[in-house]
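Open the model in your viewer and keep the sequence panel beside it. The stops below say what to select and what to look for there.

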Amino acid sequence: MNQTTATASQTDGTDRMVRLRASMAARATAIEHMIDRLLPRVEGGEARLIDAMRYATLGGGKRLRGYLVAEVASLFKVAAEGADRVAASVEMLHAYSLVHDDLPAMDDDDLRRGQPSTHRKFDEATAILAGDALQTMAFDILANPLTHDSADVRINLVRALADASGAAGMVGGQMIDMEGEGRALSLEEVARLHALKTGCLIRYSAEAGAILGQASDDVRKRISAYGRDLGAAFQIADDVLDATASAEELGKTAGKDEAAGKSTYVALLGVDGAAREAKRVAEQAESHIDIFGPEADRLRDLVRYVVERRN
């Protein structure tokens with residue numbers, strides 16, 4: 001590759017990242033509006049609970065999971081209203097997991113998205129209840145006919161989210177993570193931990209778009225594999241960030257994994273080795289969506305984004 005070609009390729013790559021960020025920002029705004037609609041303020045005894053739920057879900061975050069739902073759904077020409085409802089649902093469930101993860105009994109973190117964690121802004125009991133309510137609301141949204149007129153689609157969405165977020169998914173991964181503190185895990189164990197704790201919900205987010213689009217079983221499996229590997233790349237990059245980025249860049253406490261004695265990709269492979277592994281898994285993720293051609297370019301760019309991001 002000569003210098004001119006290399007420069008043109010670099011420019012094109014930069015332009016694509018700019019367009020992706022603009023697309024993610026626009027989608028994040030749409031998801032924010034949907035959450036605001038679905039979680040209006042109320043008066044009465046439950047007002048504090050709703051305020052805590054809104055605090056945990058509104059006003060920040062990359063909305064990666066919601067973006068995945070909507071972007072995959074767009075491949076199948078799914079109506080924006082239904083896609084945004086599912087995107088809001090997964091963001092609510094993700095927010096519940098963060099609220100509970102930050103609690104003193106779990107990861108004990110006072111900072112989230114550059115702001116006080118929900119239990120610091122309110123109190124521990126309110127944070128627990130807000131997380132509980134966000135989790136159940138996520139399923140209520142999926143079960144509502146406004147999300148999709150097909151009951152089969154709604155049931156598939158509910159079941160897939162339950163599988164991804166329960167004991168065999170996100171919650172099970174959190175349990176393994178807590179039990180792994182202070183002891184050395186193998187690379188295989190760390191990969192499984194994160195495939196459950198982080199990867200399952202990212203995989204679901206991609207798969208949900210295919211479910212909404214009523215994709216064939218083969219296409220749905222390909223999308224699911226893409227989401228699985230994207231989730232793995234995201235987590236490996238997250239480990240690198242935790243070891244190299246500042247709290248200001250992250251919007252949360254930096255270096256907590258090392259301080260807690262957790263086994264991570266960086267602890268096992270080193271920073272450079274973990275970065276190479278993230279790139280390898282990212283390339284694997286892209287291979288699963290070859291069948292879509294240029295229409296899936298944003299999903300390809302998203303793979304690069306999760307590996308190169310700084311927060």
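This is a predicted model: local features need pLDDT of at least 70, side-chain atom pairs count only at pLDDT 80 or more; totals for chains, interfaces and linings use all residues.

pLDDT is the predictor's confidence in each residue, on a scale from 0 to 100. The mean for the protein is 90, and 90% of its residues reach 70 or more. Select residues 247-250, helix α11: confidence is lowest here, at a mean of 61. Then select residues 151-165, helix α7, where confidence is highest, at 98.

**Helices α4 and α6**

Select residues 80-101 for α4 and 124-143 for α6. The two helices pack with their axes 8 Å apart, at an angle of about 160 degrees. Angles over 145 degrees count as roughly antiparallel, and α4 is therefore roughly antiparallel to α6. Their crossing is left-handed.

Show side chains at the contact. From α4, display Arg85, Val86, Ser89, Met92, Leu93, Ala95, Tyr96, Val99 and His100. On the α6 side the contact includes Ala127, Ile128, Gly131, Asp132, Leu134 and Gln135, and also Met137, Ala138, Phe139, Ile141 and Leu142. By class, the contact of α4 with α6 has 14 nonpolar, 4 polar and 2 charged residues.

**Two residues of α4**

Centre on Arg85, which lies in helix α4. Is Arg85 buried or exposed? Its relative accessibility is 4%, so Arg85 counts as buried. Leaving aside neighbours within four places in sequence, Arg85 is in contact with Met34, Leu38, Ile141, Asn144, Leu146 and Thr147. Draw a C-alpha to C-alpha distance from Arg85 to Thr147: it reads 6.1 Å, for residues 62 apart in sequence.

Move along α4 to His100. His100 also counts as buried, at 15% relative accessibility. With neighbours up to four places away in sequence set aside, the contacts of His100 are Met106, Ala127, Ile128, Gly131 and Asp132.

**Loop residues with positive phi**

Next, select Lys77 in the loop between α3 (64-75) and α4. Phi of Lys77 is near 60 degrees, a positive value in a residue other than glycine. Lys77 is exposed, with a relative accessible area of 64%.

Go on to Arg113, in the loop between β1 (111-112) and β2. Arg113 is not a glycine either, and its phi is positive, near 55 degrees. With a relative accessible area of 30%, Arg113 is partly exposed.

**Gln115 in β2**

Strand β2 covers residues 115-116, and Gln115 is found in it. Gln115 is partly exposed, at 46% relative accessible area. What does Gln115 touch, not counting residues up to four places away in sequence? The residues are Tyr55 and Asp110.

**Helices α10 and α14**

For the last stop, select residues 217-244 for α10 and 297-308 for α14. These helices pack at about 20 degrees, with their axes 8 Å apart. Angles under 35 degrees count as roughly parallel, and α10 and α14 are therefore roughly parallel to each other.

Show Tyr226, Leu230, Ala233, Phe234 and Ala237 of α10, which meet Leu299, Leu302, Val303, Val306 and Val307 of α14. This contact of α10 with α14 has 10 nonpolar, no polar and no charged residues.

Methods. Residues are numbered from 1 along each chain as its sequence is written. Side-chain values use heavy atoms; hydrogens and water are left out. Axes are lines fitted to C-alpha atoms, for helices over the stretch in contact, and angles run from 0 to 180 degrees between N-to-C directions. Helices (H or I, at least four residues) and strands (E, at least two) are DSSP runs, numbered from the N terminus. Angles under 35 degrees count as roughly parallel, over 145 as roughly antiparallel, 65 to 115 as roughly perpendicular and the rest as oblique. A crossing is left-handed if the near helix is turned anticlockwise from the far one by less than a right angle, and right-handed if clockwise. Contact means heavy atoms within 4.5 Å. Ala, Val, Leu, Ile, Met, Phe, Trp, Tyr, Cys and Pro count as nonpolar, Asp, Glu, Lys and Arg as charged, and the others, Gly among them, as polar. Buried means under 20% relative accessible area, exposed over 50%, partly exposed in between (1.4 Å probe, protein chains only).
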